[in-house]
Amino acid sequence: MAKVPAAAVAASGLVGGYAVARWTKKRPLGGVALAAAAGSVAAYEWNRQAGPRAAAGLTAAYVAAFAGSHPLAKKVGAWPAVFAVAGGVAAASWAVTHRAA
C-alpha cells in the first residue's frame, strides 16, 4: 500500500478548510474539512510513518498553525497567513516523517 503524503494532506487541510469556510460562509463546515477530513488522515499517516510521539507533536503543530493563522491574518491578510502556516506544517511534517523513514 502506497504512503499517503501526510505533508500534502496537512497543508491541503489548512488551505481547504479555510476555503470551504470562506466560500460557503459556514465556518463549522470549514472546521469539518480542516479537522475531521484532513486532520484525521494526516494524524493517522503521521502515526503510521513516524510513530505516536511524532503524530502527537505534529497534530499539536497542526492545531497551533490553525490558531496562529488568525492573528497572523490581521497582519498579512487571510490567504497569505493560511498559506504560510500550511507551508510550515508541511515542512515540519516532511522533516519528521522522512527522518523516521
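This is a predicted model: local features need pLDDT of at least 70, side-chain atom pairs count only at pLDDT 80 or more; totals for chains, interfaces and linings use all residues.
Local features need pLDDT of at least 70 and side-chain atom pairs count only at pLDDT 80 or more, while totals for chains, interfaces and linings use all residues. Residues are numbered from 1 along each chain as its sequence is written, and side-chain values use heavy atoms, with hydrogens and water left out.

The largest nonpolar core has 18 residues. Such a core is a set of buried Ala, Val, Leu, Ile, Met, Phe, Trp, Tyr and Cys residues joined through side-chain atoms within 4.5 Å; buried means under 20% relative accessible area, exposed over 50%, and partly exposed in between, with a 1.4 Å probe and protein chains only. The members that touch the most others are A10, L14, A42, W46, Y62, A65 and V89. Two or more residues each come from helix 1, helix 2, helix 3 and helix 4, and helix 1 has the largest share, six residues. Helices here are DSSP runs (H or I, at least four residues), numbered from the N terminus. Apart from residues up to four places away in sequence, A10 touches A42, W46, Y62 and V89, where contact means heavy atoms within 4.5 Å.

Rings of Phe, Tyr and Trp (its six-membered ring) pair if their centres lie within 6.5 Å; planes under 30 degrees apart count as stacked, over 60 as edge-to-face and the rest as tilted. There are four aromatic pairs by this rule. One of them joins W46 and Y62 edge-to-face, at 6.3 Å centre to centre with 70 degrees between the planes. Because W46 lies in helix 2 and Y62 in helix 3, the pair ties together parts that are 16 residues apart in sequence. Both W46 and Y62 are buried.

Y18, W23, W79 and F83 form one aromatic cluster. W79 is in helix 4 and is partly exposed, at 23% relative accessibility. Beyond its neighbours within four places in sequence, W79 is in contact with V15, Y18, A19, R22 and W23.

The largest pocket holds about 370 Å³ of space. On a 1 Å grid over the protein atoms alone, a pocket is an open set of points where a 1.4 Å probe fits, with protein on both sides within 12 Å along at least five of seven lines, and lining residues have an atom within 4 Å of a point. The volume is the space filled by probe spheres set on the points, which are joined across faces, edges and corners. Of the 17 lining residues, Y18, A21, R27, F66 and H70 lie nearest the centre of the pocket. Helix 1 gives the most to the lining, with five residues.
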